[in-house]
Amino acid sequence: MTKRSIAAAVAIAASAALVMSGCTSAPADSGKQTITFMGWGSDEEIATFKTMIDQYEDAYPDVTVDYVTVPAADFATKLQTMIASKKTPDVFYLQPEKVMPFADAGVIADLSAFVDDNELFDADNVWAKAIDMYRYDGTTPGEGAVYGLPKDISAFGLAYNKDMFDAAGITAPTADAPWTWDEYVAAAKKLTSGEGADKVYGSGPYSLEAAVWSNGADWLNADHTEVTVTDPAFTEALQWTADLNLVEGVAPSPEELSSQGDYDRFVSGKLAMTGVGTWAQGSLWNDAKFTWDIMPWPVSPKTGEEAIWYGGIGFAVANGSKHQEAASNLAAFLAFNEDAQRTNIEKGQAIPNLIDMAKDEWLTTDKPPANKAEFIRILEDYGRRATQTYTFNSDWFTLFNSNLASVQSGEQSAADYAASVQVEMQDLLDKGIAEQKK
Amino acid sequence: MTRTNVAARRTGTVIAFSLMLLGALTMVLPFLWMVTTSLKESRLVFTFPPEWIPDPIDWANYLEVWDVAPLAVGLLNSVIVTVLVVTVGTFSSTMAAFAFAKLDFPHKDRIFVALLATIMIPMVVLIIPQFLVFVQLGWIDTLLPLIVPGLLGNVTMIFFLRQYMLGLASELLEAAKLDGAGYLRIYWSIFLPLCKPAIAANVIIVFMATWNDYIGPLIFTNSPENSTVQLVIASMSSYYKDQTDYPMIMTASVIAVLPVILLFTLMQRYFVDSFAFSGIKG
Amino acid sequence: MPTTTARPTRRFNRRERIWGLAFVTPITLQVILFSLIPVGIAVYAGFTDWNSIRDTRDFVGLDNFVEFLTDKYFWIAAGNTLYMLIPIPFYLLFGILFALGSHRRTPGSTLFRVLFLLPYVSSVVALVVLWKWIFNYQYGLVNQALGAVGIQGPDWLGDPAWIKPTIVIMIIWKMIGITSIYMLAALKNIPDVYYEAARLDGASPVRMFFQITLPLLTPSIFFLTVVGMIGSLQTFVEVQLFTSDGGREYSAATITYYVWQKAFGSGELGLASAAAFFFALVVLALTLLQFRLSRRWVYEGE
């Protein structure tokens, strides 16, 4: 081949590739709509969604869904970039804490009218707490117009390795008699053994929400205008969670957790008790080679009250989406359609949004945990919405968490740490409130 | 040379060799560990003490990694971007270098200095506005932002090639002009072939920079279908924060660095020689 | 003959001019579209309150500049950025050492060359994920090796005091190879006659190094220092991949990371542009300073 024809071949190939690379999205034909849907999840969750999307496409044959997944840690940044580049996905995962800023900026569509008309939605049969997370009336979160439909509502339960419990002769507590903090520590001590890299811990990192709320404290005051982390009840709870490692030696240190996370340790039998969310059921079915179950969260000796957080993710529809109706239909389908919700149960993804399905079908499935009722108890009785989802932005919360490791590694006491961050946290909270009022 | 001198020389060589050996080991050891880890099963990496030779050697990761992450798409995208930028960009750069070195046109020096000045612009100033420019063009989440600028040439390459061409005899140009050859023909048939070694060296550099680029894909693309291989590895690493599967990540890394290492090993002579061409006095 | 040369010359000149301009058009286009115009946009944006969610773009004067100059995280990042200059003297030193070593034509130098450059040709992404594994607190090679001799290794990646050193170690390791190759080329350019003359005068190898080699290497050292400085000050990828948030207490974040976080994390494009522009000026100033100082120590010779 002469140099000339090689060059010509390269040029043709180059132009072809260039054209190909520019056309990454299929052009919409008349009659056929394509909508983008962006979310994250474990392999199991993504597979679940693919099944549910297929079901949706069967029900709505003239719509194709372009499903994009992004790692959870990158999601907020990616979404931000896409909004900035005017390529907001038609449907996307909506975190409760984003409802206020997105609604105010007009990024997400008001779905109240759509929800009222929709045949899939039966107000009595959907967990009120689930929908309320996406309500906003312009001032107070949790009330008013609906800006998102619930993907799921997740409870954060305390899982334990039943085999390890049996071997140590421990019986898990029941709902009518949860453990106190002391009883929890005593059990954890019996379950802790070994040294160094092979050490088996009785407890994982204890949920700070469970400890703080059960002790009668909170990050903010009741109307979310003041930072209250210097409250002695708060610092006492924080110190207790840190002391599980520092004093009692029953939980891993922050460095050990960064080497191998608590989920990994739990499934490899190096941790007896740790918090897991309802979203982890499917993964646990795959990864845990032992019997596991859920127990009620221990209570602080101070108040004897149970507390833990529930959370969720919703589906938002982009305001100004070219396919608003198809997008809203997808959101409603994924949120309320029975078949779609059933897939959730089968894959161990979440508690169904539909109350009757949750109480009838889900409770009676025979996959672990045996004590599913505990998750429902969290939803109905003692679960609370996370405090940082009530404010316009959670910068104050991010700041609080940014150096929590210094307390957990013993560098400073909880009281000292709270005192050192309180002013800056209040400052950030005030800034957020000012932003909201704009 | 006296006998002590010979002995001194020899010890000098021995010391030099040991030093080089030590250095080479330091460079290569982490890579060996990368390969070793990729051949282990996920749960088995959290052992103590570390195993250098996995037992058993498990090639499964190299089969599974294609399902676990969009590695195939990532590789394809990386290939498309790199090949286009390297081939077309080389022509753009060599043409410009030829013009700066051998031709005379208005404002030549001014333009050249201006081009050089742009090397000094820190990348941090460019990322945001480039992002905004691409938003306006609608190119976000496509491969175009990664390809199009590179097609138009590379200032560093132009600089080095101009330097090299300045050293080539201008009589060739004069003779060809008298023969009535067009400038395109002169560039293509005469000067381009003469620059092969310099071009080869720069091609390696541009290939490396494009294949290894992370910031561009990070900012300009979003969906997995448009990720390059570097982005795929990065997202595997952040995805696996809670369920860390180091062997899988290492497997993907090995696959990602192999092309560059192979190319480099084959062409390393040109790469090293290029430093002689670049003119040490800078 | 004289009459026929008049017209052809003019025709050649015009053709030459057209072709010359045509050949440089692609690169000029690239520079205008993707460097000059963006810089203009960045400067403009720095004086507005551009926000990616709200899509507003009002002129706010110097507000952005005040905001980041009074932001303690900006100054923490500035300190971290200066810290990233530390690798330069180290890899220059090792680079020269290894160049001297390979100058002596030891066996297997081609293989050595390839091995030395492995870190440099690999992508930063691959290196960082590898480094994260090697420096893992409990199961990484480094801490396990230290443990074998009885030292408890630190939490390299989590402890604010150790994350920067970890990044610095990686950068030094990466750059030694390319530096030594560059220095080797420079060494080869030193005429042997200088050494011959010195040897005849009875100079020791050490004396020869300091009187001949080192001074003649200063132009290369200068070049690498300037280029290295511009590169180090813009460290970003390592920070973004090692830590997802700039590290505990923002211990790893550099200015470029700060800018990226403000732009793509919180959507404050105006503020980020202002900070980027300010930083670019600082880098330019430092580079010019380097050139000024170079007259003191760089050998100018023929």
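The model is predicted.

Start in chain A, at N215(A). This residue sits in the loop between α9 (208-214) and α10 (232-246). N215(A) is buried because its relative accessible area is 3%, and the cut-off for buried is under 20%. Its side chain makes a polar contact with the side chain of S300(A), at 2.7 Å. Beyond residues up to four places away in sequence, N215(A) touches W181(A), A233(A), E236(A), A237(A), S300(A), K302(A) and T303(A). S300(A) is therefore on the list of residues touched as well as being the polar partner of N215(A), a residue that is itself buried.

The loop between α9 and α10 of chain A also holds H224(A). H224(A) is not a glycine, yet its phi is positive, about 60°. Most residues other than glycine have a negative phi.

The crossing is right-handed. From α10(A), the contact uses T235(A), L238(A) and Q239(A); from α20(A), it uses A414(A), A415(A) and A418(A). By class, 4 of the residues in this contact are nonpolar and 2 are polar, with no charged ones.

Next comes α16(A). Its buried residues include I355(A), M357(A), A358(A) and W362(A). Their cover includes α13 (281-287), α15 (338-346) and α17 of chain A. The loop between α16 (355-362) and α17 (373-382) contains P369(A). Look at the peptide bond from P368(A) to P369(A): this bond is cis, with omega near 0°. Most peptide bonds are trans.

Now turn to chain B. V86(B) lies in helix α3 (residues 71-102). V86(B) counts as buried because its relative accessibility is 11%.

Move on to α4 (residues 108-119) and α7 (residues 155-166) of chain B. Their axes come within 9 Å and cross at roughly 130°. So α4(B) is oblique to α7(B). Here the crossing is left-handed. On the α4(B) side, the contact involves F112(B), L115(B), L116(B), T118(B) and I119(B). On the α7(B) side, the partners are V155(B), T156(B), F159(B) and R162(B). By class, the contact has 6 nonpolar, 2 polar and 1 charged residues.

Finish between α5 (123-137) and α6 (144-151) of chain B. The loop there holds D141(B). Its phi is near 65°, a positive value in a residue other than glycine. D141(B) counts as buried because its relative accessible area is 13%.

Technical notes
Residues numbered from 1 in each chain as written. Chains lettered and ligands numbered in written order. Predicted model: local features only at pLDDT ≥ 70, side-chain atom pairs only at ≥ 80, totals over all residues. Heavy atoms only, no water. Helix = DSSP H or I, 4+ residues; strand = E, 2+ residues; numbered from the N terminus. Buried < 20%, exposed > 50% of the residue type's maximum accessible area, 1.4 Å probe, protein only. Polar contact = N/O pair within 3.5 Å; in protein donor to acceptor, adjacent residues only side chain to side chain. Contact = heavy atoms within 4.5 Å. Left-handed = near helix turned anticlockwise from the far one by under 90°. Nonpolar A, V, L, I, M, F, W, Y, C, P; charged D, E, K, R; others polar. Axes fitted to C-alpha atoms, helices over the stretch in contact; angles between N-to-C directions. Parallel < 35°, antiparallel > 145°, perpendicular 65-115°, else oblique.
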